[in-house]
Amino acid sequence: MPASERAALKRLAFKLGLALCLLAALGAWLEGEARRAPTSFRQKRLALEAQAPDLQVLVLGPSVGLNAVDPARWRLHGYNLANNGQSLYYDRALLEQWLPRLPRLRAVLFSLGRPNLCVTVTSMNESARGFAYRREFGIPHEDAALRSDPRNYSAALALDPFKVLCWAVNGGGLVLSDLSPSGWEPLPPLDETQQMLQLSALVARKHADHQRAMMVEAPGYGLGQMESMLALCRARGLRAAVFVPPVTRDFAAQSEAGRPAELGALKALCRANGAVFHDYFRDPRFQDGDFADVDHLAAPAAGRFSGILEKDLLSGLRPDTATR
Amino acid sequence: MSGSFGSLSFYFLLGLAWLAWACAPARLRPAALGLASLAFVLALGQPLVPIALILLTLLVWLAGRRSISMGPAWAGAGILASAGVLLAVRAALALGTEWGWVSALGVSYFTLQAIAYLADLALGVQAEAAPWLDLWLYLAWFPKFAQGPFERYGPFQAQVRRSSTGPQAEDLRRGLLLLAWGLFEKMVVAERMASLAAGAFGNDGGGTGPRLWAAGYVFAVRLFADSAGYNDMARGASLCFGLGLTNNFNAPFLATSVTDFWRRWHISLSEWVRDYVFSPLQMIWRRWPSGGTVAAMFVAFTAVGLWHGTGWGYLLMGMFYGLCMGWALLTRRWRKNFWRRLGQENGAGRRIFDVVVTFHLVCLSFLFFQAADRAGLAAQARAAATGWGPGWLGEFWRGLSGGKPDGEWRLAWLSVAALGLVHLAGKRTDLLRSPAWLRYPSYAALALALVFLGRYFAATGFLYARF
């Protein structure tokens with residue numbers, strides 16, 4: 001190779017190296033910003049760490065639980081560890097991880113959405129959430145194939161670099177949950193026009209989403225996860241309760257197929273493990289106006305529902321006055 | 001997209017292959033390229049693929065050698081065998097055979113290049129049979145393996161000889177820039193448009209006529225960005241090794257006729273079809289001058305349609321192009337007179353009209369392409385008849401935006417605008433030769449767009465790789 005060509009290659013290598021260093025610096029800054037972002041997972045971990053020594057009731061489950069249960073309404077000190085799209089795999093992993101760190105825990109409430117027994121975080125097309133569990137709680141991704149994904153190790157990649165940039169520059173970009181200190185995410189109710197326009201359209205879409213997410217062979221998988229959690233609670237002498245939050249009437253009617261069999265299996269599992277089961281799916285105390293969409297209670301109704309839960313599921317448990 | 005330009009492992013392999021090639025002595029450099037291609041095929045993780053490809057190469061190599069020593073009948077037999085493999089794979093896939101390894105094979109690119117090589121030998125265009133290693137490199141060169149472009153053995157072999165001299169800074173600079181630009185086309189433009197297209201085609205069950213019309217535009221841009229992106233990445237990666245591949249796309253949406261479109265779209269496929277299907281048929285039917293040409297065009301483009309797959313949508317697309325070209329040929333004189341009477345024989349008005357009409361015909365053909373099968377076509381036909389009431393403009397807009405939030409669709413269309421600008425500017429300006437004030441900000445903009453706007457984790461795979 002001629003000397004001039006060698007020199008040109010060296011110059012190019014130097015420039016490329018410089019460009020890569022600049023990009024790496026940019027990436028490092030972005031990663032730092034992304035790690036500071038108060039995602040719901042981060043908020044929950046920090047709150048749980050702070051409240052762990054005093055906690056008496058823990059709530060687990062997906063968004064239907066996150067939006068429907070406000071433990072601040074209870075006499076017992078509770079924390080809502082449910083999260084958007086949180087599948088039973090993560091419920092179980094969180095319970096296993098936190099049980100030894102919650103010395104005063106008395107009860108665990110499991111909220112279940114309609115398709116929960118049949119889905120994994122991957123089947124919901126929300127697998128990005130799996131990366132947050134790895135970063136914040138050290139829980140490996142539910143989908144083993146995604147455990148080597150770079151998003152497991154980079155907050156910027158998992159959150160989307162452009163969104164992180166917007167967030168770092170002007171505070172926009174990322175959709176961050178506004179959680180209460182008890183881990184509850186309050187949602188605003190729909191006004192009448194929105195109810196008319198949105199609920200009917202949402203029923204079909206949500207039902208289709210759920211159908212897509214549900215895996216035929218999965219109820220066994222979900223029941224297995226639930227059984228492990230109930231067994232953990234029983235071994236610790238904790239009260240365990242499983243409940244299905246209410247949904248709008250139309251959505252309940254759409255989602256009825258296959259539900260009785262699922263409920264039967266769930267009830268039998270609860271009976272066998274000494275757990276309480278309550279089904280509020282078609283609860284007449286909740287009307288369409290109580291919802292933020294077809295299966296998520298709005299804040300005022302969530303307050304009422306939390307009161308009902310305390311009466312139905314936590315009765316007989318005395319608050320530990322030393323902690324409240 | 002494992003094993004392709006969308007996966008990190010591909011770039012790792014690319015870097016290793018480049019180092020091995022650059023450090024190898026000149027006489028071993030072609031072997032290094034051949035080994036890199038073998039490593040790429042092995043990395044696909046489908047054990048049957050390398051075996052099938054090596055056997056196919058062996059068959060073509062033997063047929064080629066025999067053709068030189070014992071007559072062109074051997075090349076004919078090799079062509080029949082290669083075409084047989086392609087047809088067998090297509091038939092098996094059409095019958096629903098679940099051969100995961102077949103889809104990783106890049107079988108149509110491999111076999112059509114083999115046919116071109118053997119046909120050139122039989123016709124005397126290629127005087128000598130290829131050595132085995134050269135043939136393997138020609139057929140399985142890893143950047144073009146999955147999605148082309150189709151190369152011809154002779155010119156490709158000249159490139160391989162040229163690349164033996166080792167790395168050149170100019171090639172490397174140009175190659176890396178093309179690679180990055182292709183990545184922008186695919187990961188920023190095509191992937192963002194894919195997300196809009198999913199909404200535009202009515203994934204929520206609400207497909208309507210106006211939305212389908214808009215979806216045609218969205219899908220056309222997506223298909224172009226996807227295919228041109230792969231082509232630029234393949235050209236860029238090859239250029240890093242000193243190998244120049246065919247540029248498959250030349251501003252196709254500025255075509256003034258369907259024939260012109262196919263001179264600008266998937267150019268290497270069009271040239272293959274022209275040389276090995278259309279021209280021979282035209283020769284056979286030369287006694288019927290216009291009729292023979294029209295029939296040859298119809299057959300050639302029906303074959304192009306079927307090359308994409310055996311679905312009804314592909315067949316219709318091919319026949320549609322054949323009919324359009326036949327119509328254009330038969331009405332050429334009439335149209336010429338019409339425009340002459342308007343004083344626009346070569347005017348801008350005619351050009352704009354032709355570009356707009358051609359673009360819409362192409363978008364229509366892409367709707368056949370997108371639907372692929374009979375059920376998809378029927379659903380589209382049903383959707384096309386609905387939604388033309390007073391709110392049609394809103395529906396049309398919903399199609400263009402894919403029903404996505406403002407930020408998302410604006411970014412998508414902004415990236416399309418950038419793509420168009422660069423393609424137009426690229427015809428006049430060579431960025432590598434432009435002044436530093438233009439060059440370095442352009443590099444920076446490209447790098448930042450790749451970092452911030454690329455949709456790497458939602459990537460849908462390359463559309464043309466499935467053919």
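**Strand pairing in chain A**

I began with β4(A), which pairs with strand β5 (residues 276–279) of chain A in the parallel sense over four bridges. The model is a predicted one.

I then turned to strand β3 (residues 107–111) of chain A, which is joined to β4(A) by five bridges and runs parallel to β4(A). Here F110(A) stands opposite V242(A) of β4(A).

Next I checked burial, taking under 20% relative accessible area as the cut-off. Strand β4 of chain A spans residues 239–244, and five of its six residues are buried, so β4(A) is largely enclosed by the rest of the structure.

**Chain B against chain A**

I looked up the contact between the chains and found 17 residues of chain B touching 19 residues of chain A. Together the two chains bury about 1500 Å², and 76% of that lies on carbon and sulfur atoms.

I searched the interface of chain B and chain A for salt bridges and got zero. Polar contacts came to two residue pairs, both at pLDDT 80 or more.

On the side of chain B that touches chain A, α10 (169–200) and α21 (436–453) each supply at least two residues. α21(B) gives the most, with six residues. By class, I logged 13 nonpolar, one polar and three charged residues on this side of chain B.

Methods
Residues numbered from 1 in each chain as written. Chains lettered and ligands numbered in written order. Predicted model: local features only at pLDDT ≥ 70, side-chain atom pairs only at ≥ 80, totals over all residues. Heavy atoms only, no water. Buried < 20%, exposed > 50% of the residue type's maximum accessible area, 1.4 Å probe, protein only. Pairing = 2+ DSSP bridges. Contact = heavy atoms within 4.5 Å. Buried area = accessible area lost by both parts, 1.4 Å probe. Salt bridge = Lys/Arg side-chain N within 4 Å of Asp/Glu carboxyl O. Polar contact = N/O pair within 3.5 Å; in protein donor to acceptor, adjacent residues only side chain to side chain. Nonpolar A, V, L, I, M, F, W, Y, C, P; charged D, E, K, R; others polar.
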